[in-house]
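Work through these exercises with the sequence and the 3D view open. Try each task before you read its solution.

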Amino acid sequence: MSRYLITRALVSMLTFWVIISLVFFMVRAAPGGPFDGERRLPPEVEANLLAAYNLDQPLARQYLDYLAMLAAGDLGPSFKQKDFSVNELISAGLPVSLGVGLAALAIALTFGIGIGLFAGLSPGTRTDQLLMGAANLGLALPSIVLAPLAVLLFAVWLGWLPAGGVGSPAHFVLPPIALALPFVAAIARLTRGSVAETLLEPHIMTAHAKGLPQRRIVIRHLLPTALLPVLSFLGPAAAALLTGSVVIEQVFELPGIGRYFVQAALNRDYTLVMGVVVVYAAFILLFNLLVDLCYARLDPRIRIDG
Amino acid sequence: MLSALQASLFGSTLARFCSVWIMLVLAGALFGTALSGWDPEAIDWDALEAGPNAAHWFGTDLIGRDLFARIMLGARVSLMAALIATSVSILIGIPFGAFAGLRGGRTDQIMMRMVDVLYAVPFILVVILLMVVFGRDPLLFFLALGAVYWLDIARIVRGQTLAIREQAYIQVARTMGAGRGHILFRHVVPNVAGPALVYATLTIPAVILAESFISFLGLGIQEPQTSWGVLIADGTRTMESAPWTLFFPALFLGLTVWSFNMLGDRLRDQYDRETRGYTRSIETMRAASE
């Protein structure tokens, strides 16, 4: 098991490096410099600017400097917001993004597994069909459709909740729910399928034959096996949750890093865009690693082999 | 195969509904802008933000442009994105997967590990970055989307190739001294293309969604061109006074993605059922001959 985890960790680090390099060289390959404005800058000013942002060095040198800077946890200065470093901007937005993301994850897991378990324990019944029909519908609603409709319904028409911004706990009700809904549907479908399948496994029948109470069978014998597919879905889902959160922050006007990313992309603020991608990638990889860790604990094949 | 295709596309009421909807969207993309009688960019000064009526079937937007015509224009963009990006994903995914599967061994291991690594990259952000850096050219945008969605296809093709690489006709070709490229493109690719195309039907809705998503954020398709994502973003801004500007594009995007998903799922299930039968028959034949 430790060997398995070490390999996974090494692969994650390799992936991180690939992403950083990809992003770095893509940005440096951009036609035109970051300071090409409407007016041509005097050559001395431009030289000073380039030196200040470490752009006057050879490319390989810049690359190594950037890696060294990242290793020290510094994402550099923002190209466009002159008084701020990328670190300051990101640490301002991160708590909002993380809060919404984690809340959405919790909602998706609780309701997804709950609904899936409920439907899967009695496959083929009317409740099962009803719940899965609803889940299929939920999957068809992308965040860019769902989020504005939720604002229209609950904020504009019903007036129950604020439409956007921050300031009170009520502002944080709709965003996580809107972000979580497609994932609730996906997890419910996965759980339902795998619960229904696991019910037929010999070890569940054995547990029934021993006369164990239903609750104990479900918790001790059924769920650890049935939740493995859900767990492996969470890895790729992390990336999807994140892209969803960019939309959610945009629609609900939340000052998270997703909004910084879009604004930075629109103003061509290269360092800020790079910084956000690096932070996002780090989170996705960390999350994937965590998923692998749980997988290793749950799946007996890995627990014993590795 | 044809009857299986028919069964997947028209076998149930639901499937028929999805197929008809997609055909309508396709027809709309081709002829829809002419159908409504309004140019998508023409401004009707007498009907600013007008609700759906006889002249403007889906109403007009904030500056009096016909929403039906604009949604049809958006359909054109969505289907174009789907066509180009899916083709690119197939063109990358099939050779990559077939090569890895055919070579096997270490090369295969390394190539597939690469695919695993790429799965964890937040690609939507990379596409956005590409748009930021190289400018928002629609063609580049669609190509970039395709370059992101080839991973699944590569995996499937590699699996299929592993399944057929020891078959007689490949071994015969090898014994006859056929070159690696010849075997790859004349014998392996034609035989693994079927399943790859079946799975590619699920790439279509993913690409349509990604395109609208990036355009929604204002980072993809730009005025005067439009896309469902752009229309939904505009609709979000005017939904309080003119909810139809949000409803109609959202309806088109949702229904289209859902229809493609349903049909893709059905097609894949049908194919899985048939090929499982096929592989099983090969296995029984082999067992009988041994």
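**Exercise 1. Decide how helices H3(B) and H9(B) are oriented to each other.**

Solution. H3(B) and H9(B) are oblique to each other. Angles under 35 degrees count as roughly parallel, over 145 as roughly antiparallel, 65 to 115 as roughly perpendicular, and the rest as oblique. Now the values: the two axes cross at roughly 140 degrees and come within 7 Å. Axes are lines fitted to C-alpha atoms, for helices over the stretch in contact, and angles run from 0 to 180 degrees between N-to-C directions. Next, the hand: the crossing of H3(B) and H9(B) is right-handed. Right-handed means that the near helix is turned clockwise from the far one by less than a right angle, and left-handed means anticlockwise. Last, the residues of this contact divide into 19 nonpolar, five polar and one charged. Ala, Val, Leu, Ile, Met, Phe, Trp, Tyr, Cys and Pro count as nonpolar, Asp, Glu, Lys and Arg as charged, and the others, Gly among them, as polar.

A note on the model: it is predicted, local features need pLDDT of at least 70, side-chain atom pairs count only at pLDDT 80 or more, and totals for chains, interfaces and linings use all residues. Residues are numbered from 1 along each chain as its sequence is written, and chains are lettered from A and ligands numbered from 1 in the order in which they are written.

**Exercise 2. Describe the fold of chain B.**

Solution. Count the elements: chain B has 11 helices and zero strands. Helices (H or I, at least four residues) and strands (E, at least two) are DSSP runs, numbered from the N terminus. Then take the extent: the C-alpha trace of chain B spans about 80 × 45 × 30 Å along its principal axes. Finally, burial: 44% of the 290 residues of chain B count as buried. A residue is buried if 20 or more other C-beta atoms, placed from the backbone, lie within 10 Å of its own, exposed if 12 or fewer, and partly exposed in between.

**Exercise 3. Why is helix H11 of chain A (residues 257-266) largely enclosed?**

Solution. Eight of its 10 residues are buried, so H11(A) is largely enclosed by the rest of the structure. Among the buried ones are A:Tyr260, A:Phe261 and A:Val262. The buried residues of H11(A) pack against H4 (86-121), H10 (228-251) and H12 (270-298) of chain A, together with H5 of chain B.

Conventions:
Two residues are in contact if their C-beta atoms, placed from the backbone, lie within 7 Å.
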